[in-house]
Amino acid sequence: MDADLAELKRRIPLLEYLRRRHWTAQRVGAQQEFVGLCPLHQETRPSFYVNARKNLFYCHGCGRGGDLIRFVELERQLSFSQSVAQLQQEWLSAPTTHLLEHTVAFYQRQLPLHPEAMKYLRQRALGNAELLTELQVGYAPGGNLRLHLTSLGYSFARLLQTGLINNQGRDAFYRRVIFPCRQQGQIINLYGRSIGAAFPHRFLPRSRGGLFAWDSVARYPKVILVEGLFDLAVLWQYGLRNSTCAFGKQLTPIQFAQLCEGPDRLVYIAFDQDENQAGQQAACALAHRLQTAGVAARIVQLPAGHDPNSYSSRGATSADFAALLEQAQPL
Ligand SMILES: [Zn+2]
């Protein structure tokens, strides 16, 4: 099972969720089982059972059952991914979101002060200052985030626990370009791309949420799915605001569910053209899964060895990308 979902359900036990919503129940026997009136249908005799050990519910009256997320889907008439997003927002994120907002604002101020970061972005074909501002791209030069955040009242332990700094008090994102990942307006994680020799990708040790910028991309019937944020940024620069990314080739169940929502969806998959065929194989597998789920998919063939970012860095224009989309084929 997806680690994010498991973590969400562990941190919000179903019984606790129901009790906070004023569900009253009686324990059944000596077991971790509880029964009360069903919150999902009208009844006078209790037939709604919750097993606290298994973290599941079942109603003998209306015949519905499942886990926390299923309950929220039924209770609020939301889709699977909307339910997950709402739970994350309501229960998990508020204090950390403020901390991450301060961090992102700080890193944004650092970016123009550090020519090595600006040079790196230009080499990656990301020179559009307006877009960098819109995406709130920043830079972690290292050394001073801790001072800044502790001056705002955050404890060392808190910063360590969030993963923003290491044991020595240094920035975990040292010498990285930073992109905030938002969900329903709130920052839920940070993506850091190394401008030096360190491992290129880094996130905070917490949920990455669903597809990037899905709040704005979901309204487009046609969406372009790329692997990375640098790919997404060049497509946005071309005006292709219907582009989103999954932070890799493997979609989480939440991300897959998002792609499947909405009528008449068409997904253009623009994964990397890898020499070892990894991107091509992942694109085919995903197109197949989408088609099985009733969603139309087309595979975009980039030139050999390229991803959207490297293709753009080599001088490709928006017309070149439009032509690739035009030529994209179903499986
Ligand atoms: Zn019921």
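**View 1. His22 in the loop between α2 (14-20) and β1 (26-27).** Helices (H or I, at least four residues) and strands (E, at least two) are DSSP runs, numbered from the N terminus. The model shown is predicted: local features need pLDDT of at least 70, side-chain atom pairs count only at pLDDT 80 or more, and totals for chains, interfaces and linings use all residues. Residues are numbered from 1 along each chain as its sequence is written. Although His22 is not a glycine, its phi is positive, about 65°. Most residues other than glycine have a negative phi. His22 counts as exposed because it has 7 C-beta neighbours inside 10 Å.

**View 2. Arg175 in the loop between α9 (156-162) and β7 (176-183).** Arg175, a residue other than glycine, has a positive phi near 55°. Because 19 C-beta neighbours lie inside 10 Å, Arg175 counts as partly exposed.

**View 3. The contact of domain 2 with domain 3.** The protein is divided into domain 1 (3-77), domain 2 (93-203) and domain 3 (214-327), with bounds from an automatic or database domain assignment. The C-alpha centres of domain 2 and domain 3 are 26 Å apart. Their contact takes 11 residues from domain 2 and 10 residues from domain 3; two residues are in contact if their C-beta atoms, placed from the backbone, lie within 7 Å. On the side of domain 2 that touches domain 3, the residues comprise 6 nonpolar, 3 polar and 2 charged. Ala, Val, Leu, Ile, Met, Phe, Trp, Tyr, Cys and Pro count as nonpolar, Asp, Glu, Lys and Arg as charged, and the others, Gly among them, as polar.

Technical notes:
Buried ≥ 20, exposed ≤ 12 C-beta atoms within 10 Å, placed from the backbone.
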